[in-house]
Amino acid sequence: MSLQLAEILVDQYDLNEDVLADARRIQEDKGGRIGEILVQQKNISEKQLLEAQSIQFKLPYWSRLPMENVESEFTDKVPIQFLKKYNMVPLEYQKAITAADCGLTSMNSDDADRQAAPAGFVVAINDPLNFHALDDLIRLMALNDFTLVLAERETILSAINLQYDLRRDSAEQLVQDMEENGSDIISEIEETADLLDDTSEAPIIKLVNHIISQSIKARASDIHIEPYQHSFTVRYRVDGILYDLLTPPKWIQPALISRIKVMAKMNIAEKRLPQDGRFEVKVGDQNIDLRVSTIPTAFGERVVLRLLNKTGSLLEIEDLGFNPARLKLIKKLVASPNGIILVTGPTGSGKTTTLYAILQSINKPDINIITIEDPVEYQIKGISQIQVNPKIDLTFARGLRSIVRQDPDVILVGEIRDKETAEIAVQSALTGHLVFSTLHTNDSASAITRLVDMGVEPFLISSSVLAVAAQRLVRVLCDNCKKAYKPSTIYLKSIGVSPAQFDDNHVYKAVGCEKCITTGYKGRLGIFEIMVLNERLKGLILETFDSNRIKNLAIKQKMISLRQDGIEKVLDGITTMEEVLRVTQK
C-alpha cells in the first residue's frame with residue numbers, strides 16, 4: 001500500500017527518488033508511515049498527501065467542509081475528545097452538497113453545480129487507514145448510509161469546534177439563566193476555590209469559563225472587564241484591536257469579578273487597592289497562563305486578564321517579518337561581540353517577542369546568556385532568566401549589576417527605565433558584553449534623545465550603541481477572503497505615497513469570513529525601522545541629540561522607515577494600507 005502511495009506521489013507530484021529513499025530509511029529506523037514522514041520532512045504538503053490518498057483509496061478529497069444547513073445533534077452522542085483524537089467529524093446536511101460547496105472545483109467551472117454528496121450524513125476523516133475508529137464512530141452514530149471524504153486536520157478541527165460551540169450555552173444564554181436564579185450565585189462563588197472546572201453547574205463559573213474559552217479560540221491576547229455607571233462590558237483584544245464580547249447586566253459584575261479573583265488567588269474582600277494575580281488553565285491541548293490585574297474605579301473594579309499561550313513555540317527570527325536584506329543585517333548585528341542593540345516601540349508592539357527570537361538564534365552551548373525581565377514571559381532552554389521583584393529591591397539596575405559578575409557573553413535587560421540601568425548597560429557594552437534592551441519611544445532616532453534625557457553622555461551613546469530597531473505590528477490579511485483592488489491616485493497622494501509604486505502590483509483589502517472571525521485579518525507581522533550607528537551618525541550624536549536631525553541623516557543614508565517597510569508589505573499582499581497608516585501615524 002505504501003509503495004502504491006509512493007508511486008502516486010512520484011507520478012503526480014514529481015517526488016524525488018532520493019527524498020523517497022530517505023523517508024524509507026527513517027521508516028525502517030523509527031517506524032511510521034511514508035506519507036506522514038514526507039509531510040513531517042516538509043517534502044510534500046498535507047494537501048498533496050490527501051490528494052494522493054484520494055487516488056489510492058478512491059475517496060473524494062474536500063478542501064473545505066461547508067457548515068451551512070448542518071445538524072449538530074451528534075454532539076450528544078459522541079465525545080468531542082474522541083473526534084479530536086482520531087481527526088474525524090460526522091456532518092448531517094439538510095441539502096445536497098455541490099462540487100463548488102466543498103472545493104472540488106473552481107467556482108467558475110461548468111460543473112460547479114454538480115452534486116458531490118446527497119443530503120444526509122458526510123463523515124470527514126484525515127486518516128483513511130484509521131478504520132477501527134471509523135467503525136466505532138459508525139456504531140456510536142448508528143449510521144447506515146453516509147458519504148466518506150478526506151479533509152485536512154485544521155478543517156476537521158474547525159468543524160468539530162464549531163459544532164460543539166453551537167451546542168453549548170452561549171454567553172447571552174448563561175446570563176439569562178443567571179437572571180432567573182441569581183439569588184444563590186454570590187454565596188456559591190465565594191465558597192468555590194477550584195480552578196477552571198468545565199463540569200461545574202454554577203452559572204457564574206460557566207460564564208467565566210465561556211469568556212476565557214471564547215477568547216482563547218479567538219486568539220485574544222487580553223480580556224477586559226470594564227465597569228460603568230449602569231452597565232459593564234467584557235471585551236477582548238485580537239491582533240491588537242479590542243472587540244466587544246458581552247454586555248451582561250450590572251448586578252452580575254461583583255460575582256464575575258469575585259470568581260476571577262478567587263481563581264487568581266487574590267483577596268476578594270479588598271476592593272479599594274490594585275491587585276495582581278495569576279492562574280493557569282488548560283483548554284483542549286493548550287496550556288494558557290493568565291495574568292490578572294485589578295484596579296478600583298468609580299463604578300467598581302476594572303479587571304484585565306493577559307493570556308499567554310505556553311503551548312505555542314517561540315517565533316524564529318525568520319518569522320518576524322524582516323525582508324531578506326534586513327534579515328541579513330540583523331544577523332550581522334547580533335553576531336557582534338559587544339555593544340548595545342535597542343528595540344523600541346509602544347507597549348504591545350512585539351519588542352519582547354523580537355528579542356526572544358534573536359536570543360533563540362544565538363543560543364548555543366558555548367555562549368552564556370543571562371536576562372533580567374519584568375515579567376519572564378517564556379522560559380527559554382539554556383538561558384538564565386531573572387524576574388524583577390521590587391518588593392525585595394531586585395530592580396533592573398541591581399539585577400544587571402549582579403549579572404555582570406556572572407561572566408555573561410550576552411545580556412538582555414527587559415527595559416531601560418532609569419539613568420542607573422542605562423549607565424550600567426552602557427558600561428557592560430563597553431567592557432565586552434553584547435547587550436539587548438527595549439525603550440518606549442516612537443521611532444529609532446528618538447531612542448538617542450531618550451537616553452540623553454535619562455542622563456547618559458552622548459559620547460557614551462555613540463561608542464556603545466550599535467543599532468536601534470523601531471517596530472510596530474500590522475495585522476496580516478486573511479488569505480481566505482482578501483480581495484484585490486486598485487487604490488485611487490487621489491487617496492495615495494493624500495497619504496504621501498507615490499502612485500507609481502502601485503502600478504504593477506496587486507493591493508488587497510480586508511473583507512471578513514468565518515476563518516478570521518469576520519475581521520478580514522488573521523495574525524500579525526512586524527514592520528521595522530533599523531538605524532545602524534555608522535561614523536556619520538555617531539559624529540552627529542556628539543553634536544546634537546535632536547531626533548529629527550538624526551532621523552533625516554539616517555534616511556539620507558538609505559534607512560527604510562517604518563511606513564516604507566509597511567508599504568512594501570502592502571505591495572507584497574501581506575497587509576492593507578489602512579493597517580500601515582493606523583500604526584505609523586504621527
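**A chat about the model**

Biologist: Let's start with helix 13: which of its residues are buried?
Modeller: Keep in mind that this is a predicted model. Buried here means under 20% relative accessible area. On that cut-off, the buried residues of helix 13 are K351, T354, L355, Y356, A357, I358, L359 and I362.

Biologist: And how far does helix 13 reach from its first C-alpha to its last?
Modeller: Helix 13 covers residues 351-362, twelve in number. At 1.5 Å a residue you'd expect 16 Å, and the model comes out close to that. The reach, first C-alpha to last, is 17 Å.

Biologist: How are helix 14 and helix 15 oriented to each other, roughly parallel or roughly antiparallel?
Modeller: Take the axes of helix 14 (residues 396-403) and helix 15 (residues 419-430): they come within 8 Å and cross at roughly 20 degrees. Angles under 35 degrees count as roughly parallel. So helix 14 and helix 15 are roughly parallel.

Biologist: Which residues make that contact between helix 14 and helix 15?
Modeller: Helix 14 passes helix 15 in a left-handed crossing. On the helix 14 side the contact uses F396, A397, L400 and R401. Helix 15 answers with E420, T421, I424 and A425.

Biologist: Now L533: is it buried or exposed?
Modeller: L533 sits in the loop between strand 21 (521-532) and helix 19 (535-543). Leaving out residues up to four places away in sequence, L533 touches I448, I461, V465, L466, A467, K538 and I541. Its relative accessible area is 7%, and the cut-off is under 20%, so L533 is buried.

Biologist: How far apart in space are L533 and L466, C-alpha to C-alpha?
Modeller: L466 is among the residues that L533 touches. In sequence the two are 67 residues apart. In space, C-alpha to C-alpha, L533 and L466 are 5.7 Å apart.

Biologist: Which element has the lowest mean pLDDT?
Modeller: For the whole protein the mean pLDDT is 85, with 91% of residues at 70 or more. Over residues 181-199, though, pLDDT stays under 50. Strand 13 (residues 339-344) has the highest mean of the elements, 96, while the lowest, 38, belongs to helix 9 (residues 185-191).

Biologist: Last one: what share of the protein's residues is buried?
Modeller: The protein has 22 helices and 21 strands, and its C-alpha trace spans about 85 × 70 × 60 Å along the principal axes. Of its 586 residues, the buried share is 47%.

Notes
Residues numbered from 1 in each chain as written. Predicted model: local features only at pLDDT ≥ 70, side-chain atom pairs only at ≥ 80, totals over all residues. Heavy atoms only, no water. pLDDT = per-residue confidence, 0-100. Helix = DSSP H or I, 4+ residues; strand = E, 2+ residues; numbered from the N terminus. Contact = heavy atoms within 4.5 Å. Expected span 1.5 Å × (residues − 1). Buried < 20%, exposed > 50% of the residue type's maximum accessible area, 1.4 Å probe, protein only. Axes fitted to C-alpha atoms, helices over the stretch in contact; angles between N-to-C directions. Parallel < 35°, antiparallel > 145°, perpendicular 65-115°, else oblique. Left-handed = near helix turned anticlockwise from the far one by under 90°.
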